[in-house]
Amino acid sequence: MKNSDSTMPNLMPIENALDKMLQQCDTLVEQETISIIDALNRITAEAIFAKLQVPPKNNSAMDGFAFQVDHELPQGTTLTIQGQALAGQPFDDEVKAGHCIRITTGAILPAGTNTVMMQENVAIHENNIVLNQATKAGNSVRLAGEDIQLGQQVIAAGEKLTPAHMALLASIGEPSVTVLRKPRVAIIATGDELVVPGDKLKNGQIYESNRFALQGLLQQMNVDIIHYGIIEDDPDKIADVLLDASRKADLILSCGGVSVGDADYVKQVLEKVGRIDFWKVAIKPGKPFAFGMVNDAIFCGLPGNPVSSYVTFEKLVTPLLHKLMGRKSVNQFTINATCAAPIFKRAGRADFQRGIAYQDEHGEYWVKPNGSQGSGIMSSIASANCYILLEKEQTNLPTGAKIKIELF
């Protein structure tokens with residue numbers, strides 16, 4: 001009889017593995033100043049404070065007419081048009097009592113005004129307007145500093161910059177931003193059976209796909225990628241590549257060669273040119289995950305099976321990269337769901353099954369496994385929309401059971 005997951009020796013709980021990895025990882029300290037146009041997905045090196053307030057002065061939220069209101073003006077009030085204020089072309093005189101000015105959205109409110117009535121709510125008679133409805137003081141006015149106050153922290157250190165952040169920096173007049181340098185990540189695939197897509201397959205060969213998944217995942221994180229291609233199952237060549245990568249990269253990702261097969265050389269080579277801190281994690285898929293160091297470079301040995309490689313990258317490597325690049329902690333957003341079909345699981349490993357989640361007419365989430373959960377079935381991820389989160393000692397779940405999911 002095969003051993004159950006719970007009786008397999010030397011399986012490190014995923015929480016312990018991640019703690020050990022993060023303890024070995026120091027945040028990069030090198031900084032650079034870049035234009036905000038190039039700042040998408042970069043990580044701020046320091047907190048950013050506003051050197052001006054936004055808006056800088058009271059301005060109109062509408063196209064209409066600006067005037068002074070002490071408390072409230074009744075419907076039917078008549079005001080004389082004194083001039084106009086346009087966005088970028090302010091009205092420099094003070095508006096007299098009983099007068100108004102034509103004003104456009106974003107234009108500064110001149111002295112002697114505190115209220116705007118949108119043009120649809122007035123009747124114009126030659127050089128006068130008549131209010132079609134009553135209005136109170138402060139109507140349709142954007143107050144100075146209501147968005148951002150002078151000296152306010154607008155972005156924290158360790159923030160991943162989004163398009164909204166880029167606009168925020170522009171709004172306070174910042175043309176550039178100081179960020180941490182990008183991590184350098186080396187990707188290595190090992191295996192005599194692997195062939196580059198586009199080449200002709202020979203008997204027993206398969207197309208190498210893990211590097212392409214890792215490429216996409218790393219591009220989303222905005223890191224510098226160093227490709228080493230496919231390395232044959234030769235201990236000397238693997239050693240040469242690992243040593244070269246350790247001189248160029250902050251993190252080395254190797255796909256395959258960390259299991260127990262006769263040609264799985266990566267682990268034994270790592271023991272010679274570097275060190276292994278742990279090997280085998282209680283995660284499914286992805287048990288043969290290795291972590292260690294080669295000189296000053298962090299090493300993560302991902303399993304060769306494509307789903308295992310993908311899942312271990314997301315669950316173990318991604319938090320490591322976040323710390324390396326100086327990003328603030330990122331909490332995964334989980335949702336309560338109900339099983340729409342039975343879920344099969346053995347105790348012993350945290351399991352990240354690929355699922356299809358949907359909402360019913362009441363807005364409640366339901367989920368079912370996305371077909372076969374084999375570690376070599378990449379389509380289980382490509383057509384899924386969530387992970388079904390199954391804790392280490394969880395066992396089979398029937399239809400109707402409650403479970404947590406993590407949407408992609």
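This is a predicted model: local features need pLDDT of at least 70, side-chain atom pairs count only at pLDDT 80 or more; totals for chains, interfaces and linings use all residues.

The report that follows takes helix packing, then pockets and a cavity, then the backbone.

## Basis of the report

## Helices packed on α6

Helix α3, which spans residues 210-221, packs on α6, which spans residues 306-324, at an angle of about 25°, with the two axes 10 Å apart. Angles under 35 degrees count as roughly parallel, and α3 and α6 are therefore roughly parallel to each other. The crossing of α3 past α6 is right-handed. On the α3 side the contact is made by N210, A213, L214, L217, L218 and M221, and on the α6 side by P306, S309, Y310, F313, E314, T318, L321 and H322. Sorted by class, the residues of this contact are 9 nonpolar, 4 polar and 1 charged.

Helix α1, residues 14-23, also meets α6, and here the axes come within 10 Å and cross at roughly 30°. That angle makes α1 roughly parallel to α6, and α1 passes α6 in a right-handed crossing. From α1 the contact draws on I14, L18, M21 and L22, while α6 contributes K315, L316, P319, L320 and K323. The contact of α1 with α6 has 7 nonpolar and 2 charged residues, with no polar residue.

## The α4 and α5 pair

Helix α4, covering residues 235-248, and helix α5, covering residues 266-273, have axes that come within 10 Å and cross at roughly 55°. The two helices are therefore oblique to each other, and the crossing of α4 past α5 is right-handed. Residues P235, I238, A239, L242 and L243 of α4 make the contact together with V266, V269 and V273 of α5. The class count for the contact of α4 with α5 is 8 nonpolar residues, with no polar and no charged ones.

## The two largest pockets

The largest pocket holds about 790 Å³ of space. Its lining consists of 28 residues, and those that lie nearest the centre are L18, K315, Q332, F352 and E406. Each of α1, α6, β26 (350-359), β28 (386-390) and β29 (402-407) supplies at least two residues of this lining, and the largest share, 6 residues, comes from α6. In the lining of the largest pocket, 9 residues are nonpolar, 7 polar and 12 charged. L18 and K315, listed among the residues nearest the centre of this pocket, also belong to the contact between α1 and α6.

The second largest pocket has a volume of about 550 Å³. It is lined by 22 residues, with Q220, E314, T318, H322 and Q332 lying nearest its centre. Two or more lining residues come from each of α3, α6 and β29, and α6 gives the most, with 6 residues. The lining of the second largest pocket divides into 11 nonpolar, 6 polar and 5 charged residues. Q332 lies nearest the centre in the list for the largest pocket and is also named in the list for the second largest pocket. E314, T318 and H322, from the list for the second largest pocket, are likewise part of the contact between α3 and α6.

## A cavity

The count comes to 1 cavity of 30 Å³ or more, and about 40 Å³ of space lies in the largest cavity. The residues that line the largest cavity are N41, R42, I43, L180, R181, K182, P183, M221, N222 and M325. By class, this lining has 5 nonpolar, 2 polar and 3 charged residues. M221, one of the lining residues of the cavity, takes part in the contact of α3 with α6 as well.

## Backbone details

A cis peptide bond joins V54 and P55, with omega at about -10°, and P55 is placed in the loop between β3 (48-49) and β4 (59-60). A cis peptide bond also joins K284 and P285, where omega is about -5°; P285 lies in the loop between β22 (281-284) and β23 (290-294).

Residue S140 has a positive phi of about 55° although it is not a glycine. The position of S140 is in the loop between β12 (135-136) and β13 (141-142).

Technical notes. Residues are numbered from 1 along each chain as its sequence is written. Side-chain values use heavy atoms; hydrogens and water are left out. Axes are lines fitted to C-alpha atoms, for helices over the stretch in contact, and angles run from 0 to 180 degrees between N-to-C directions. Helices (H or I, at least four residues) and strands (E, at least two) are DSSP runs, numbered from the N terminus. Angles under 35 degrees count as roughly parallel, over 145 as roughly antiparallel, 65 to 115 as roughly perpendicular and the rest as oblique. A crossing is left-handed if the near helix is turned anticlockwise from the far one by less than a right angle, and right-handed if clockwise. Contact means heavy atoms within 4.5 Å. Ala, Val, Leu, Ile, Met, Phe, Trp, Tyr, Cys and Pro count as nonpolar, Asp, Glu, Lys and Arg as charged, and the others, Gly among them, as polar. On a 1 Å grid over the protein atoms alone, a cavity is a set of points where a 1.4 Å probe fits but cannot get out, and a pocket is an open set with protein on both sides within 12 Å along at least five of seven lines; lining residues have an atom within 4 Å of a point. Grid points are joined across faces, edges and corners, and a volume is the space filled by probe spheres set on the points.
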